[in-house]
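Colleague: I have this one open on my screen and would like to go through it with you. Could you walk me through how it is put together?

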Amino acid sequence: MQGTGSMQQYSAGKVQIGPSGLSLVSEDQQLQLSLEPVSTVRHSIAGSSGSAHHYSLSPKSSVGTPTATVSVVPVPVTAVPDIEAPAPAGQQQQQTHLTADNFSTKRTTSWKIINYCIIPLALPLLVGWWLLALLLAAAATFSIWPSLLLARRLYWACPFIPYIFAKLQGERGWLSRWLLQLQFEGAHCMTVLGRLLSLPLRPHLPDFYVLGFPKCGTTSLASYLRAHPGVSGISGMPGHEAFSKESHFFGGMLGRATTTSAALYRSFFPTILTRWWAEVVRGVPRWLCFDACPTYACLPYVAARAKAITPNAKLVVMVGSFKGVQFVTAL
């Protein structure tokens, strides 16, 4: 670089592009080039605070019009970030896949250690914990008030259930309705309390969701998936067609303030004993679990809640014909 009456020359070992301009980096100094509205060049060697050399500079363009002035200012080495050029789209996608594969490999390795080392040693303790949770849940159910509390929250999240009982009363009488409702609320209470008491044994969140609309085949698809030895649904209410596969968690089954809790959502899914049995005893390469709840496709707030807890989960959406939707609406 040449100024009035003197000559300064720099040999740059590396070029960095930062937010404040172009940086020439050598072994002994670092210079920053930036555009300024003045016609001088300021130069100072890195480390010589307060000292600077000023040179007049009047560059010309090809047609003789003055152009913007360049200033040379020393900056700390850490002040200019090393910004690399963005990778091509294909390379970025490949890096994303490599990162996902590395995470999957680490997770698979950790689960192999748990399946083949930890669980066989702690199997009696884990089974005893699970059985004790069931006994305590059954004892608490007979105290009535947990059953009433959980049933009230369930009816708020699923307002169609009371209408089913009302219809049943009109067909079979109030005694049949009362007995069936008592049995339903008791089974629901025992299921929920048993899951909560065994929550430390339930570290899983769903790998995918089965969404849809009423009468679109979600129940049939869920039953087919559960027939696979490496796929499990939720730990739902035994013997109930809907609540054996539907959690209704994001609808507020456990309360309005619980829909953002990943820990409570884990309580709906099988224990580590289920995964151990599938992967070690039955030899499944990888065990998966899912949540099949058709109402999730109808509620506008479910998507954001599900993404916050399970951002990597897949979606399986069941749809039906327009006539089927008309028929359900008419009912």
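**Walking through the model**

Modeller: Let's start with one side chain: Leu182 counts as partly exposed because its relative accessibility is 45%, where buried means under 20% relative accessible area, exposed over 50% and partly exposed in between, with a 1.4 Å probe and protein chains only. Before going on, this is a predicted model, so local features need pLDDT of at least 70 and side-chain atom pairs count only at pLDDT 80 or more, while totals for chains, interfaces and linings use all residues. Residues are numbered from 1 along each chain as its sequence is written, and side-chain values use heavy atoms, with hydrogens and water left out.

Colleague: Which helix is the place of Leu182?

Modeller: Helices here are DSSP runs of H or I with at least four residues, strands are runs of E with at least two, and both are numbered from the N terminus. The C-alpha atom of Leu182 is 9.7 Å from that of Leu148, 34 residues away along the chain. The run that holds Leu182 covers residues 174-197, and that is helix H4.

Colleague: Is Ile272 buried or exposed?

Modeller: Ile272 sits in helix H7, residues 272-281. Leaving aside neighbours within four places in sequence, its contacts (heavy atoms within 4.5 Å) are Trp111, Ile119, Leu126, Leu201, Pro203 and His204. Leu126 is 146 residues away along the chain, with 9.1 Å between the two C-alpha atoms. Because its relative accessibility is 13%, Ile272 counts as buried.

Colleague: In what order do the 4 strands of the open sheet come?

Modeller: Two strands pair if DSSP finds at least two bridges between them. E9 pairs with E11 over 3 bridges and with E12 over 4 bridges, while 2 bridges join E10 to E11. The pairing is parallel, and the order is E10-E11-E9-E12.

Colleague: Which are the edge strands?

Modeller: An edge strand here pairs on one side only.

Colleague: Which residue in E12 is the bridge partner of Tyr209?

Modeller: In a regular strand the side chains alternate between the two faces of the sheet. Strand E9 (residues 208-211) has both faces covered, with Phe208 and Val210 buried on one side and Tyr209 and Leu211 buried on the other. Tyr209 stands opposite Asp291 in E11. In E12, its bridge partner is Leu315.

Colleague: How do the residues lining the second largest cavity divide?

Modeller: Counting Ala, Val, Leu, Ile, Met, Phe, Trp, Tyr, Cys and Pro as nonpolar, Asp, Glu, Lys and Arg as charged, and the others, Gly among them, as polar, the lining comes to 6 nonpolar, 4 polar and 2 charged.

Colleague: What percentage of the 331 residues is buried?

Modeller: The protein has 9 helices and 12 strands. Of its contacts with a separation of 6 or more, 69% are between residues 24 or more positions apart. As for buried residues, their share is 34%.
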